[in-house]
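Dear colleague,

Please find the structure below, followed by an account of what was found in it.

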Amino acid sequence: MRKKVNIDWITVLVYIALVVFGWMNIYSTSAKDEAGGLMSMFDLNTYHGKQFIFIAITWLICGFVLMLDTKFVEVTSYIFYGITIALMIVAVFFAKETKGASAWFQVGGFGGQPTEFAKVGTLMALAKFMSRYNFSMKNSRDMLIVAGISLLPMLLALLQNDAGSAITFFAPILMLYREGLHPLFLVFLFVSGFVAVISIILTNIPYISAILVFIYFGIGVISLYLLRWRFLNFHIVLFVYFSIISLFANHVLKDYQKLRIRVLVVSEETLNKEMEEKYGRKARGNQDVGYQLRQSMVAIGSGGVWGKGYGNATHTKGDFVPEEHTDYIFCVVGEEHGWMGSTFLLIAYLFLLWRMTWLAENSKSRYGRIYGYGAASILFIHFVINVGMTIGMVPTIGIPLPYFSYGGSAILSFSLMLFVLVNLHSYRVNILGDKAI
Amino acid sequence: MNDLRIRGQVLVVVFIAAGLLFISRLFFLQVWSEDYALKSNQLDMQKIVIRPPRGIIFDRNEKIYVQNSPVFDVIFIPAQLYIPDTTILEDILGLSKEEIRKRISKYPKGDLERVRPQELERQVNARQATRLQERLWEFKGIYLEAKNSREYIYPVGANFLGYINQVNPVDIETDAEGYYQPRDLIGITGIEREYEPFLRGKKGKRIILVDAFHREVGSYADGKLDELPIEGRDIKLGVDAELQAFGEALMRNKKGSIVAIEPATGEILAFVSAPVYDPNLFTGRELGKYYKLLEKDTLKPLFNRPLMAKYPPGSVFKLLQALAAMSDGIITPQTHFNCIGAWPRNKGKPKCHGAHGSPELRTAIIHSCNAYFAETYYSFLTHNKFKDIHQSYDTWWERMSSYGSGHKLGIDIPNETAGNLPTSNYYDKIYGKKSWHAFTVYSNSIGQGEVQMTPLQMANAVALIANRGFYVTPHFVTEKRNTDGSWEPIRYEKINPKGDTSHYNIVVEAMADVVSFGTGTMAQIDSIIVCGKTGTAEDPPRKDHSVFIAFAPKDNPKIAIACIVENAGWGGSWAAPICSLMMEKYLNRKIKNEAKLKRILDADFIRSPASGGTAP
């Protein structure tokens, strides 16, 4: 009989610390009612009360995951992927709209966001497929399947009008880099994103699109020359794909999405003037779009070095910051715990990210390594977008801060993602042991 | 393979680089730049609550009875407060320097409270507000907040109208809707309470942008988040405000009640609880002071007597008794019983006002013969068609209960009292299951003993008789205004007690006789046939309560009334003329017999109880 001895408790402890600290912040936003009295910790009509239940359920399930046979996880990869994709399709048709996205659906008394679980499913499917013995990064057919596995949920997220989640399915490209994708394609990705942003910001320069197309394809051809046309395969596909995205960004994105990007760079006066010309009224476009951003920056900024103290996030709670318990939960940390607290939290995330790559690297199965890097990538993109958005470095994109934001699906799926990795890693010794004997 | 391992480390470096970038950005926002910290201390959005006018209350003649009057709260926002000199405030608000200082320093401490409006003075009048408005520029952080207080065009009926006051923390907490906020006004008692959700309307809000000096610079987001208030809806009462005022005048210097009901509809025409107080006392900021004064008053003006006071109904109860006995076939109008100046069957108890010989029902009612009704009740309880006293008593109880005694009638204001109609269980508990009989409970027959009724229940019983067999749940509010301005009548339950309507006619005939030549002659009105019944409720060791019930005209009655004057003596001499004056006022709109009116207005049973004793 095999024994499970190698659970990485350091990861688990950091994870628990994040979840507990996150819950404390949700409690801080929702525990004080109008009259200023404290409400019960377990009142199920409150966010913190519900989150408490979510966390309890999550931990039960995660404990169960730790006891699973590693092989079981591997074997069920496609099944889990299939189920989550199916649920996403159901959500496209039957979901009810929250905040403009139809990503949330309800069966009986239970509701959830299938997209969150599809992230785990996609990682598992990718890991399963890429750990096949004859898999090769140089095989175009293989790479097209890899692209397909991640593009399918991305497309479904877009159909649900949930662009924020769709973006997160780009994350596995970091994992592909670790597995041997040519580094130039990270450059492609970066350049194409840059081109897209430029084309949105500099709308007043004539022929900007034409100029960008010229520059862009120039870079592309030079890069391919540097690769000596070695493999006209998946890399070409990726290149074309990114090109299309970047060039059409200006036409595909909706006005409010573009405003979210422009508000980071363009001055308030310019935007107001533009809005006035466009809509012929004294519109406060920047106030609408920039409002959340400005308020969240003011809230964080007012925290100072040490913060205002736990439970004293006056700006956040004065209803100035919207969605303070979900997407803008970082404002509470910034305001109540100041620079020291925020830095401490960021370091905790960085530590967890590093530890995940360590787990991935030290897991002897290929499946575990691929999965681990994928999970780290997903966590990283959420971390960058969510925190970056609250401090005005990334456009406003509504995705949760893992382990921290309010929401049952998010806490459960991100925890599953981590605990599957811990499970995969935990079998390392046993596999060696088997061989040794 | 090693090459790819390095890539993993490259990724970790990318993670750390992003983290460091964020940490330095945070350092800039939180530590380096003071810009953001400053911005958070000043509100750049301000929410203004718009309180809609409360619904207006009309009387039955569509005259405005209760309307709104604008008042202003003076509020301050601690974080903004700047008062260079308090003399202006002292002068306009009439407060001392110390008082102002005390109020400004007395607010819940905490950053959140610092930006919330706090109260400096509540409900200043329009003149003060105008004066203050002109000088507000000299201060910072002081504002005027408009709201609506009540104004009573007819300063009468405080007992049933209720009043409004600032909502208290308990009400805010227990309000499931979460509608109320501090400084909102809420109906506290009476109609204002019962119809609160209807009268109050719905608050609106406006979100404005203010600059660093808190000057309004425009509405936020083009007013997209603003909500218009919804006005409170009007209601119409069945009460005749002039009749109510007249009734309150008649009851001056007396304790007691008058309840007048329109029999066919159950609408309450007047609802007097004496001693009375002016409802306008409860509209200003002195409300608390007046409330305490009235609460301490030994005459208990805040006690809503017509609704809550319980009296032995006395001989008024005999009418219902007669109806019950006839309905169950115990007596017929022709049944005779002996009276020897007392009830012969029970050692001469109860006593009678004289030996009535062998009266039949009509005569017995006219002379209020105790012996007759005691014998009737005895016959009822011992009738051989019932198997035991429990069955007979329960049958009797059902009858009396169906006439509207012993339970709440469901009037549309809070705090109604049920009165008392003892059940057979009650007697079982006191005397033991088998140990009580008709002689134990005989005093019920003449409305003494445990039986108690409120003035409202008595008036309702009169309405039942006037209608010859039904009553409508008595109520104040008859119609409510729809949002389109039309009036929508409110339907109330019509109750038909079992029994033959012809039984009522004999009671009505007898009541007409009571007024034309019996004990109630003082209730006569020229050219209108009045039906009435005197009553005398004992209140030992003090003088009896004077009780009278009546309705008029005899055919197609328009008003049913009950009046109780506490400790005034015999029913015929005080309650009867008060009833007749009320009915005359309502039916003819004027009083012909001024001597009668003057006698009542002058009567004083509070300062000089002796004067009440003089017979007319």
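**Findings**

Please note that the model is a predicted one.

**Aromatic pairs**

Over all chains, the count comes to 40 aromatic pairs. In one of them, the ring centres of Phe160(B) and Phe271(B) are 6.2 Å apart and the planes meet at 85°, so the pair is edge-to-face; planes over 60 degrees apart fall in that class. This pair links distant parts of the chain: Phe160(B) belongs to helix 7 (residues 158–161) of chain B and Phe271(B) to strand 12 (residues 267–274) of chain B, 111 residues apart. Phe160(B) is buried, also with a relative accessible area of 0%.

Another pair is formed by Tyr393(B) and Trp396(B), whose ring centres are 5.3 Å apart with planes at 50°, so this pair is tilted. Tyr393(B) and Trp396(B) both lie in helix 17 (residues 389–402) of chain B, three residues apart, about one turn of the helix, and both are buried. They also belong to one aromatic cluster, together with Phe317(B), Tyr377(B), Tyr426(B), Tyr427(B), Tyr431(B) and Trp436(B).

Two lysines lie over aromatic faces. Lys289(B) is placed over the face of Tyr290(B), 5.3 Å from the ring centre, and Lys494(B) over the face of Phe470(B), 4.3 Å from the ring centre.

**Helix 17 of chain B**

Helix 17 of chain B has 14 residues and reaches 20 Å from its first C-alpha to its last, close to the 20 Å expected at 1.5 Å a residue. Its buried residues are Ile389(B), His390(B), Ser392(B), Tyr393(B), Trp396(B), Arg399(B), Met400(B) and Ser401(B). These buried residues pack against helix 14 (316–327), helix 16 (370–382) and helix 18 (424–431) of chain B. Just after helix 17 of chain B, a positive phi of about 90° is taken by Gly404(B).

**Cysteines**

How many disulfides does a search of the whole structure find over all chains? The search finds zero. A disulfide requires two cysteine sulfur atoms within 2.5 Å. For Cys352(B), the closest cysteine sulfur is in Cys369(B), at 3.7 Å, which is too far for a bond. For Cys579(B), the closest cysteine sulfur is in Cys563(B), at 4.8 Å, again too far for a bond. Cys352(B) counts as buried at 13% relative accessibility, and Cys579(B) counts as buried at 0%.

**Two further residues**

Ser573(B) is found in the loop between strand 19 (559–565) and helix 21 (575–588) of chain B. Its relative accessible area is 10%, so Ser573(B) is buried. The side chain of Ser573(B) reaches the backbone oxygen of Trp570(B) at 3.1 Å.

Tyr291(B) is found in helix 12 (residues 287–296) of chain B. With a relative accessible area of 28%, Tyr291(B) is partly exposed. If its neighbours within four places in sequence are left aside, Tyr291(B) is in contact with Tyr163(B), Phe282(B) and Leu302(B). The C-alpha atoms of Tyr291(B) and Leu281(B) are separated by 8.4 Å, and these two residues are 10 residues apart along the chain.

With kind regards

Technical notes
Residues numbered from 1 in each chain as written. Chains lettered and ligands numbered in written order. Predicted model: local features only at pLDDT ≥ 70, side-chain atom pairs only at ≥ 80, totals over all residues. Heavy atoms only, no water. Phe/Tyr/Trp six-rings, centres within 6.5 Å; stacked < 30°, edge-to-face > 60°. Helix = DSSP H or I, 4+ residues; strand = E, 2+ residues; numbered from the N terminus. Buried < 20%, exposed > 50% of the residue type's maximum accessible area, 1.4 Å probe, protein only. Lys NZ or Arg CZ within 6 Å of the ring centre and 35° of its normal. Expected span 1.5 Å × (residues − 1). Contact = heavy atoms within 4.5 Å. Polar contact = N/O pair within 3.5 Å; in protein donor to acceptor, adjacent residues only side chain to side chain.
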